[in-house]
Amino acid sequence: MIDDFSDEQFANYKIYLSLIEEKMLNKYFEEQKPYICCKAGCSYCCEKGQYPMSKIELAYILLGFSQLSTEQKTEILEKIKRLKQEKINFESKNPNSVEGFMYECPFLENHKCSVYEYRAVICRTHGLMFFIEDDKTNEPKNKIPFCVNLGLNYSNIYDKETKTLSDVKMYELGIEQEPLAYNLSLKTLLNNDIAKNLDFEFGEVKTMIDWFPDKN
Ligand code: SF4
Ligand code: SF4
């Protein structure tokens, strides 16, 4: 997988990562600071998900993986093997599941990302409110990070009963304008002008676990 990309392509992908952080994500996090409490050691967002990513993103994660200790690599490979089997079991028991198989990221180690500098684009958006377009109406629908229900991000302005942001709580905190939700769909992030101006291809997109062969 790593060999499918040249050093130059990885260098361009690294530039892309720096630019989306500098021009977009860091600004969004800064702007939404009053509602965000992400900190080292908090890892719920890596404990249940599917982590979609393109081929170059996975290859870059593997570059980070190649620098880990033998013990870490063995443990991660064991987790991947176990998850592959769990996914097969889940799908045979739940053939019509809409949500699909959810799992803890195999690169998570003691509540920390073992490949942090190499993590995928979607990982860099964890914690931000975003919007998705409704399939039928194309209307934007705001999505608040799930950890709001754990008393974390956006919980200071969230109403658990109505499951929406609370005007009253915002008023009490002196917040005049509702925080903005951004379009953080992977499709959008991988097809923006920053990516278009750099010489590399993202390649196919799959959920993380699907990138690994059934037997490893
Ligand atoms: S790669 Fe790292 S940041 Fe991304 S889901 Fe896995 S542990 Fe979390
Ligand atoms: S997104 Fe939520 S779960 Fe993840 S680090 Fe931030 S506060 Fe913790």
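Helix α1 covers residues 7-31, and at 1.5 Å a residue its 25 residues should span 36 Å, which agrees with the 35 Å between its end C-alpha atoms; the expected span is 1.5 Å times one less than the number of residues. This is a predicted model, in which local features need pLDDT of at least 70 and side-chain atom pairs count only at pLDDT 80 or more, while totals for chains, interfaces and linings use all residues. Residues are numbered from 1 along each chain as its sequence is written, and chains are lettered from A and ligands numbered from 1 in the order in which they are written.

A kink of about 45 degrees is centred on E21 of α1, the bend being the angle between axes fitted to the seven residues ending at a residue and the seven starting there. The buried residues of this helix are Y13, Y16, L17 and Y28, where buried means that 20 or more other C-beta atoms, placed from the backbone, lie within 10 Å of the residue's own. Their cover includes α2 (55-65) and α6 (193-196), judged by contacts, in which C-beta atoms placed from the backbone lie within 7 Å.

The protein has 6 helices and 8 strands, taken as DSSP runs (H or I, at least four residues; E, at least two) numbered from the N terminus.

| Property of the protein | Value |
|---|---|
| C-alpha span along principal axes | about 55 × 45 × 40 Å |
| Buried share of the 216 residues | 21% |
| Share joining residues at least 24 apart, among contacts between residues at least 6 apart in sequence | 74% |

Key:
Buried ≥ 20, exposed ≤ 12 C-beta atoms within 10 Å, placed from the backbone. Contact = placed C-beta atoms within 7 Å.
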